[in-house]
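Colleague: Hey, I've just opened this one and I'm new to it. Could you walk me through it?

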Amino acid sequence: MNAIALNRAAPRKLLRRLPDYLLLLALSLACVYPFLWTLGIAVGDGEQVFDFPPPLWPKDAGWRHFAAVWDAIPLGRFFWNSLWISGLTTLGTLVVSSLAAFPLARLRFRGRQAVFYAIITTLLLPSEINFISNYVTISRLGLDDSRLGVVLPSLAGAFGIYLMKHAFEKIPDEIVDAARMDGAGDWQVFLRICLPLSLPYLATLGIFTLVWSWNVYVWPSVVLKTPELYPLSVGVLYLKGAFATSTRMVAAGAVIAILPVLAVFVFCQRYFMRGMDGAVK
């Protein structure tokens, strides 16, 4: 009887969840379609670029535009600059966010909540509002037109501090209290207890930061003036000429810029989902 009841309940459960699945499918198609459309333009070889409805995979597909991008711009140098900037930004963000979140989550001091709310309030402000003050600071430090000047203003973010504070607060107090009874100080608790137990959150923050820093365009274009220092997101615009632009080459450059972070997300998505699940709870 139980087996029969389960067999009858399964279709009903599926029907109840069908609207959710359809909504998720529609959102997935809306997110994936622009990339497929860009890839279709990049591999196409005809003159009709903006056909409607656009074909997802053109009949005259080829890869010559990717080779042309390699010949047109110093792709290797731009890729190395993006790797340098994104890697240092990600590592620095993990360190700064963890160090800032630990006292907010585990130490008790006057004004702790006020400090946290002040940090969270910055999420309401667009990042562009800090460009002038950040650029003046970077210039006075002598770091304008340098990759380090791109990295430093991005290390302390409200989202990273919030996520790591939530991660540290989820650690049971019994574990921390037991460590303190054994003589562990704040640094030992931070390094040996909190960080190892927060690895999914660190992975989530690392993926977010890596994707953002890899794709960011406006701030590097403001700070950097030497083309040899451009990251891939800025260097790809060299494919746009002053009087003529090859749309297919620009699309090929965009695909090349997207593929590395897409691969990172595919291989690290289980850590990302674990961290996001904990953050939502």
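This is a predicted model: local features need pLDDT of at least 70, side-chain atom pairs count only at pLDDT 80 or more; totals for chains, interfaces and linings use all residues.

Colleague: Okay, how many salt bridges does the structure hold?

Modeller: Three. A salt bridge here is a side-chain nitrogen of Lys or Arg within 4 Å of a carboxyl oxygen of Asp or Glu.

Colleague: What does Arg-106 meet in a salt bridge?

Modeller: Asp-173, at 2.6 Å from N to O. Arg-106 sits in helix α3 (residues 75-106) and Asp-173 in helix α8, so the pair ties together parts that are 67 residues apart in sequence. Helices are DSSP runs of H or I with at least four residues, numbered from the N terminus.

Colleague: Is Arg-106 buried or exposed?

Modeller: Arg-106 counts as buried, at 14% relative accessibility. Asp-173 is partly exposed at 44%. Buried means under 20% relative accessible area, exposed means over 50%, and partly exposed is in between (1.4 Å probe, protein chains only).

Colleague: And which residue pairs with Lys-165?

Modeller: Glu-169, with 2.5 Å from N to O in that salt bridge. They're four residues apart in helix α7 (residues 158-169), so about one helical turn separates them. Lys-165 is buried, with a relative accessible area of 6%, whereas Glu-169 is partly exposed at 38%.

Colleague: Where's Asp-186 in all this, and what's its salt-bridge partner?

Modeller: The side chain of Asp-186 meets that of Arg-180, 2.9 Å from N to O. Asp-186 is partly exposed at 36% relative accessibility, and Arg-180 is partly exposed at 31%. Both also turn up where α8 meets α9.

Colleague: Switching to those helices, at what angle do α8 and α9 pack?

Modeller: About 145°, with the axes of α8 (residues 173-181) and α9 (residues 186-197) 10 Å apart. Axes are lines fitted to C-alpha atoms, for helices over the stretch in contact, and angles run from 0 to 180 degrees between N-to-C directions.

Colleague: Which residues meet there?

Modeller: From α8, Ile-175, Val-176, Ala-179 and Arg-180; from α9, Asp-186, Val-189, Ile-193 and Leu-197. Contact means heavy atoms within 4.5 Å.

Notes. Residues are numbered from 1 along each chain as its sequence is written. Side-chain values use heavy atoms; hydrogens and water are left out. Helices (H or I, at least four residues) and strands (E, at least two) are DSSP runs, numbered from the N terminus.
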